[in-house]
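Me: I would like a close look at one part of this model. Please keep it simple and join the pieces up for me.

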Amino acid sequence: MAQSNYVPGLEGVVAAQTRMSKVDGLAGELVIGGFKLETIADKASYEEMVYQLWYGRLPKQAELDAFTAELAGLRALPPAALDLLRTIAHKDLDLMDALRVAAGVLGTEDGAQQSDEWLAKRLLAATPTIVAAAWRLRNGQDPLAPDAKLGHAANYLYMLEGEPPSAARARGLETYLNTVIDHGLNASTFTARVIASTASDFVSAVVGAIGALKGPLHGGAPGPALDMVFEIGEAGRAEEVLRKKLEAGERLMGFGHRVYKVRDPRADVLAKAAREFYEADGDMALYNLVLDVEQVAIRLLEEYKPGRNLQTNVEFYTALLLHGLGFEVPCFTPTFAVGRVGGWLAHCFEQRESRIIRPQSEYTGEEDKPWVEISAR
Ligand code: COA
């Protein structure tokens, strides 16, 4: 029998070349669009960050103004998307399901343009509108129309809450969205690239990526990570609670990563942004508890999974920052999608320059079964 080249989970397999981001899992470094994460994340607006990825350079002021205005004009949802959201709304609606359903309608409206660039702008602009509308409908409130005077991040907060946010909160969210915009060939980005590689449309690519991001092993971890911190409640209980989980074979959410074998560099950027809000609020107790839980978790992971180098990942501090910004747990993963959609689309553009992605599989079944009539099975 031929020797197998199969690599479970495609670990270590290089399946794309990209200018979007470089993830150095051993050094704990992340470069996005040519910038070290810590150089750009808390400075660029989200629109600038997207422009950098899509067009390969930072925009000049007039270019940024035009890009921002065009996106702002594409935020409102088509009536069919709103109708769908109203139809499926209930108090436990998973907002990722809502996003998957409503994003699929984009581009089907009368008069919609179908160029890659137009669809990309439409998807980017409308994603926060869908999440905010679904959130409000879930809570029995009417969706709000977007406010074109506000930037992408500030408008998202406005559409969720009904009040324009402070500049500090908008900045905090922007830092988060920039931090998660792209991250090498993660599962959802790979999904988007596979779909774009078939010459299918960008809406299909993004809908597929939303489905991949939803899973708790990818983008679904911050909610459970925060639940875990609340369950622990006080630093003195961390060891007992976490030990029990590990003894039961559970995974500690917010820890471990396929690529990073050291602390995820995004954790530091998010922790720094989070600290401001907790300090301003006077609620440092939760912030400090998170730090304590992290220390105990890393120590116990080394004890239970020696040599695996299971470290803090982006989701752990996502939970802290988004909670500090006033987001509720059901909005965590959809807000990740609001940031990541810019990266998915950047990869879709890039994938257009390449070939269809079509790897091989290795057959492990039988090869010569006899046919058995149904009456004899
Ligand atoms: N808690 C406890 N054990 C963990 C763990 C965690 N968070 N992450 C990995 N492990 C263990 C696995 O059980 C496995 O142990 P085993 O070999 O004794 O069975 C070993 O470490 C390797 O895990 P594996 O599933 O092969 O790693 P992976 O590269 O396929 O998975 C993740 C990476 C991110 C999916 C994984 O670390 C995980 O599930 N983390 C928790 C979810 C999370 O935070 N996701 C967000 C990612 S940004």
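How many residues lie between strand 1 and strand 2 in their hairpin, and which residue in the turn has a positive phi?

Reply: Four residues lie between strand 1 and strand 2 in the hairpin, and G28 in the turn has a positive phi of about 70 degrees. Before going on, note that this is a predicted model: local features need pLDDT of at least 70, side-chain atom pairs count only at pLDDT 80 or more, and totals for chains, interfaces and linings use all residues. Residues are numbered from 1 along each chain as its sequence is written, and side-chain values use heavy atoms, with hydrogens and water left out.

Now the terms. Strands (E, at least two residues) and helices (H or I, at least four) are DSSP runs, numbered from the N terminus. Two strands pair if DSSP finds at least two bridges between them. Strands of a sheet pair through backbone hydrogen bonds, either parallel or antiparallel.

Here, three strands make an open sheet in the order 1-2-3, with antiparallel pairing. Strand 1 and strand 3 (35–36) stand at the edges with a single partner strand each, so one side of each has no neighbour in the sheet.

Take strand 1 with strand 2. Four bridges join them. V23 has L30 as its bridge partner in strand 2. S21 stands opposite I32 in strand 2.

Next, strand 2 with strand 3. Two bridges join this antiparallel pair. V31 stands opposite K36 in strand 3. This pair also forms a hairpin, with two residues between the strands. In that turn, G33 has a positive phi of about 55 degrees.

Where does this part sit? The domain assignment, automatic or from a database, gives domain 1 (21–216 + 329–351) and domain 2 (222–324). Their centres, taken over C-alpha atoms, are 26 Å apart.

The term means a side-chain nitrogen of Lys or Arg within 4 Å of a carboxyl oxygen of Asp or Glu. The side chains of D42 and K272 form a salt bridge at 3.5 Å, N to O.
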